[in-house]
Amino acid sequence: MAHLKSFQMSGAVSILRHNERTENDNVKQRKNECIRPEKTHLNYNLAPKRDMPLAEYIKKVCSDNNIRLNKRKDLNVMSSWVITQPKDVKAEETEKFFSDTYAFLSERYGKKNVISATVHLDETTPHIHRSEE
C-alpha cells in the first residue's frame, strides 16, 4: 500500500516531527496509539544526514530556489510517501524491501529531492515515510 500527500510548511513541520521521532521526544504522549515507544530505537532513516533541523532544510532549499514562503501560505513545500510493507514480505526481508523502495523512489523522483526517508518499526505495521521537496 502506498499513499502520497503534499504539505504546506506548517503541515510539513508536523509530519517531519512525527517521522523523525526519538525515544526522548515524548513519543509516549503522542495521539497515535499504534506507536510502541519501547521499539522506537529500531526506526532508521535511509536519507542523507542533514546538518540542520529538517524544517530549516526545507526553508533553505526554498530560499536557494528563490521561493518566498512568507508570501505564499498556500504553497506546498513537501510531498510525503507512506509505503507499507506488504504482509507477504518476511521479517528478514524488511530491510531489503525498504532499501529497494527508497532506491526506486530516488530513481524516479531524484535522490537530491529527498528530505527524509524514515522507516518505522515501532508501529503495528512496518512502513516508510519518504518526504521530498
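**Reading a sheet, its helices and one arginine**

Me: Which strands does helix 1 lie across?
Reply: Helix 1, residues 9-19, lies across strand 1, strand 3 (76-84), strand 4 and strand 5 (127-132). Its direction is about 130 degrees to strand 1. Keep in mind that this is a predicted model.

Me: Which strands does helix 2 lie across?
Reply: Helix 2 lies across strand 3 and strand 4, and runs at about 155 degrees to strand 4.

Me: What is the order of the strands in the sheet?
Reply: In general, the strands of a sheet pair through backbone hydrogen bonds, and the pairing is either parallel or antiparallel. Here five strands form an open sheet in the order 1-3-5-4-2, with antiparallel pairing. Strand 1 (2-8) and strand 2 are the edge strands, each pairing on one side only.

Me: How many bridges join strand 2 to strand 4?
Reply: Two bridges join them, and strand 2 and strand 4 (residues 114-120) run antiparallel. Across this pair, Asn45 stands opposite Thr118 of strand 4.

Me: Where is Arg50?
Reply: Arg50 sits in the loop between strand 2 (44-45) and helix 2 (54-64).

Me: Is Arg50 buried or exposed?
Reply: A residue counts as buried when its relative accessible area is under 20%. Arg50 has 18%, so Arg50 is buried.

Me: Which residues does Arg50 touch?
Reply: Leaving out residues up to four places away in sequence, Arg50 touches Tyr57, Val114 and Ile115.

Technical notes:
Residues are numbered from 1 along each chain as its sequence is written. This is a predicted model: local features need pLDDT of at least 70, side-chain atom pairs count only at pLDDT 80 or more; totals for chains, interfaces and linings use all residues. Side-chain values use heavy atoms; hydrogens and water are left out. Helices (H or I, at least four residues) and strands (E, at least two) are DSSP runs, numbered from the N terminus. Buried means under 20% relative accessible area, exposed over 50%, partly exposed in between (1.4 Å probe, protein chains only). Contact means heavy atoms within 4.5 Å. Two strands pair if DSSP finds at least two bridges between them. Axes are lines fitted to C-alpha atoms, for helices over the stretch in contact, and angles run from 0 to 180 degrees between N-to-C directions.
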